[in-house]
Amino acid sequence: MIRRFDTENGFGAWVVEILGARNLRELGGYRMADGRRVKQGIIYRGGHPGGITLADLPQLHALGLSAIVDLRTSEERSDLPFPESLTSRLQYWTRDYELSRSDIVRILRDPVTNAATMRLHLIESYRQLANEQHDGLAAALRLLLEGKAPVLINCTAGKDRTGVVCAILLAALGADHELIRQDYALTERLHDPSGQLFHIDPDGPFAYLLEVDPEVWRTMMRSDPAYIDATFAAIEERHGDIGGYLKSAHGLDPTQIDRLRSLVLED
């Protein structure tokens with residue numbers, strides 16, 4: 001069910017192969033700057049669960065999740081929910097909100113949007129995502145510090161909101177920036193950015209996606225490292241470094257960061 005995926009430049013990650021699961025993988029095995037590694041089976045990241053059938057659900061249960069941090073909007077969760085048989089047996093964190101990433105719907109609907117303007121929008125929106133998803137990141141940090149693992153962090157594509165939250169978690173654990181960039185970039189190696197994100201009902205609320213220019217869509221769905229670079233550039237401008245961000249935005253001092261690392265890392 002879990003296999004190693006290696007890129008041609010030597011970067012590799014553990015991918016969870018469950019039919020219908022999108023972009024489901026774990027952070028386990030990544031080596032931090034101090035030489036320790038993220039324990040396997042502790043932090044999973046993924047996209048929406050809409051393609052998982054009842055027949056494949058036991059494989060998701062087999063991960064032994066203690067918690068899910070679901071970063072999706074209220075509408076996204078309603079359209080593609082996790083099975084209640086899963087969420088009822090663990091801590092399921094959600095937040096009710098309606099739009100993500102600076103009104104992406106309006107931009108996708110705008111006929112003058114092209115690939116270049118979409119890329120600029122994504123870079124700017126990634127500068128805001130740490131603030132927008134503050135509560136989700138806080139929940140993930142709290143759960144890990146409380147020993148509530150394994151934890152799954154997910155959104156719809158498993159790329160933007162999940163990508164930023166997991167990137168900041170990796171930075172908090174002591175990963176160097178190049179590892180963070182490669183983990184983020186892996187999404188488009190696992191999923192063609194030109195492909196459909198989920199089944200779109202022509203009469204449903206997401207029907208407008210059928211009219212989006214293919215190059216605009218591909219640009220939006222890419223996991224270009226420049227996007228995640230923008231997140232960290234904004235953090236550095238506002239807080240100095242990741243330690244300053246964790247202290248000012250989440251109240252974590254060096255002692256708490258050391259505790260987080262002791263819980264999640266191994267020699």
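Is Cys166 buried or exposed? Cys166 is buried, with a relative accessible area of 0%; buried denotes under 20% relative accessible area and exposed over 50%, with partly exposed in between (1.4 Å probe, protein chains only).

## Basis of the model

This is a predicted model, in which local features need pLDDT of at least 70 and side-chain atom pairs count only at pLDDT 80 or more, while totals for chains, interfaces and linings use all residues. Residues are numbered from 1 along each chain as its sequence is written, and side-chain values use heavy atoms, with hydrogens and water left out.

## Cysteines

The structure holds zero disulfides, a disulfide being a pair of cysteine sulfur atoms within 2.5 Å. The closest cysteine sulfur to that of Cys155 belongs to Cys166, at 8.9 Å, which is too far for a bond. Cys166 is accordingly in no disulfide. Cys155 is buried, with a relative accessible area of 2%.

## Backbone features

Most residues other than glycine have a negative phi, and most peptide bonds are trans. Asn23 is not a glycine, yet has a positive phi of about 55°. Asn23 lies in the loop between strand E2 (12-16) and strand E3 (25-26), and is buried, with a relative accessible area of 2%.

The peptide bond joining Ala149 and Pro150 is cis, with omega about 5°. Pro150 is placed in the loop between helix H6 (134-145) and strand E8 (151-154). Helices (H or I, at least four residues) and strands (E, at least two) are DSSP runs, numbered from the N terminus.
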